[in-house]
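This report describes one protein structure, shown below. It looks at the place where two chains meet, then at some single residues.

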Number of protein chains: 2
Amino acid sequence: MASTSPDRPRLTRKGAATRARIVDAAAELIFQHGVTRTTIEEVRDSAKVSNSQLYHYFEDKPALVRAVIERQADRAIGTQEQFDLSSLDGLHAWRNFVVDHARDTGGRGGCPIGSLGAALAETEPEARALVAASFDRWEASIMAGLQRMHTLGRIAPEADARQLALATLAALEGGLLLAQVQRDPEPLAAALDAMLTLIATLSGTTSRG
Amino acid sequence: MASTSPDRPRLTRKGAATRARIVDAAAELIFQHGVTRTTIEEVRDSAKVSNSQLYHYFEDKPALVRAVIERQADRAIGTQEQFDLSSLDGLHAWRNFVVDHARDTGGRGGCPIGSLGAALAETEPEARALVAASFDRWEASIMAGLQRMHTLGRIAPEADARQLALATLAALEGGLLLAQVQRDPEPLAAALDAMLTLIATLSGTTSRG
């Protein structure tokens, strides 16, 4: 589910690799230290590129940050789409993957998209809009699984897949934020378990908890 | 539910008022522009105090930010405690208040505590711990309402008040973040409605949605 930027110039294979290396380095630094504390010089050094290379691909820091948002959204949604959210088993497997990851990292960094949204929402309108679009894509991806539950007759017809998808994404984001601040995966587990219990109730079965 | 800092010097009435004016000014600037973009000079000018006054109460910016975290936590928890979370009606009234506020503000600023947590978690360990303690207090306050539901026999005995309180706080935080980024209260409404539906199910009644 790679996103496309119509204004992005066509790159050679080598150019695309260099660009990706810059975006990866920026994503890692931003995830570790936050977007306001990450400088373009640190990204340049970490990616082992020259100033002229970096500015060939990104005219300024906001342009680089936008590329990081798209990269993190592609990754997060791509990871989630490895799970089948149209079954309770698939939802539980996804829940376990996310909670285990938060346990392994002590919650550090929080959600790579949500942290960028919180940091940029009030000062960078273009970045805010791009994070909002990323959340829309993510919500649509969760909703697709819940809609298949409908089609397969696995969930009550009156269950609103869009509202459940929004609530599940909010539970994930709030759970990741609490896990980050408290260095503890338990709030994330509680948030996702609540949604899974609700979905299990709507599907007429009992959640495995 | 005002917090107490044992290391805070006893202040005269005038001193306490000046200190509060500085914290209020800092809280407002941080809420609008984010903590990393707010300078101590801006706070000084906004609070109409001198450098020596400001540094009399706060030795540095981190000390001021810690006071802002405590002030915002006192306010958020105090506001929530105006609602009776031991009844479905009270939970709905709280949900409506929070969603209406997000609608009025277009979600701007997100959660005053959550935004600080996201901004400081990876770089300011003391601030992170203080935000974590604030979330603990908030969770305990929500849990107290749900525990009263137990005592009053309004919710199934097997419902875990702590897990539900954690999940409700996560729904609130994730909903506020999505509402902030999307400038739309709908994700917040969906997140809280999901929790209210779950609690209504556990209480054996149908949520009013």
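With which residue does A:Glu124 form a salt bridge? The partner is B:Arg37, and the closest N and O atoms of the pair are 4.0 Å apart. A salt bridge here is a side-chain nitrogen of Lys or Arg within 4 Å of a carboxyl oxygen of Asp or Glu.

This is a predicted model, in which local features need pLDDT of at least 70 and side-chain atom pairs count only at pLDDT 80 or more, while totals for chains, interfaces and linings use all residues. Residues are numbered from 1 along each chain as its sequence is written, chains are lettered from A and ligands numbered from 1 in the order in which they are written, and side-chain values use heavy atoms, without hydrogens and water.

**The interface**

Across the interface of chain B and chain A there are six salt bridges. Between these chains, 21 residue pairs are in polar contact, both residues being at pLDDT 80 or more. A polar contact is a pair of N or O atoms within 3.5 Å; within protein, one must be able to donate a hydrogen and the other to accept it, and residues adjacent in sequence count only if both atoms are side-chain atoms. Helices are DSSP runs of H or I with at least four residues, numbered from the N terminus. About 3600 Å² is buried between the two chains, 64% of it on carbon and sulfur atoms. Buried area is the accessible area (1.4 Å probe) that two parts lose on being put together, summed over both.

**Cysteines and accessibility**

There are zero disulfides over all chains, a disulfide being a pair of cysteine sulfur atoms within 2.5 Å. The sulfur of A:Cys111 has its closest cysteine sulfur in B:Cys111, 17 Å away, which is too far for a bond.

The table gives relative accessible areas, where buried means under 20%, exposed over 50% and partly exposed in between (1.4 Å probe, protein chains only).

| Residue | Relative accessible area | Class |
|---|---|---|
| A:Cys111 | 4% | buried |
| B:Cys111 | 3% | buried |
| A:Leu202 | 23% | partly exposed |

**A:Leu202**

A:Leu202 lies in helix H9 (residues 186–202) of chain A. Its C-alpha atom is 6.8 Å from that of A:Ala159, 43 residues apart along the chain.

Key:
Helices (H or I, at least four residues) and strands (E, at least two) are DSSP runs, numbered from the N terminus.
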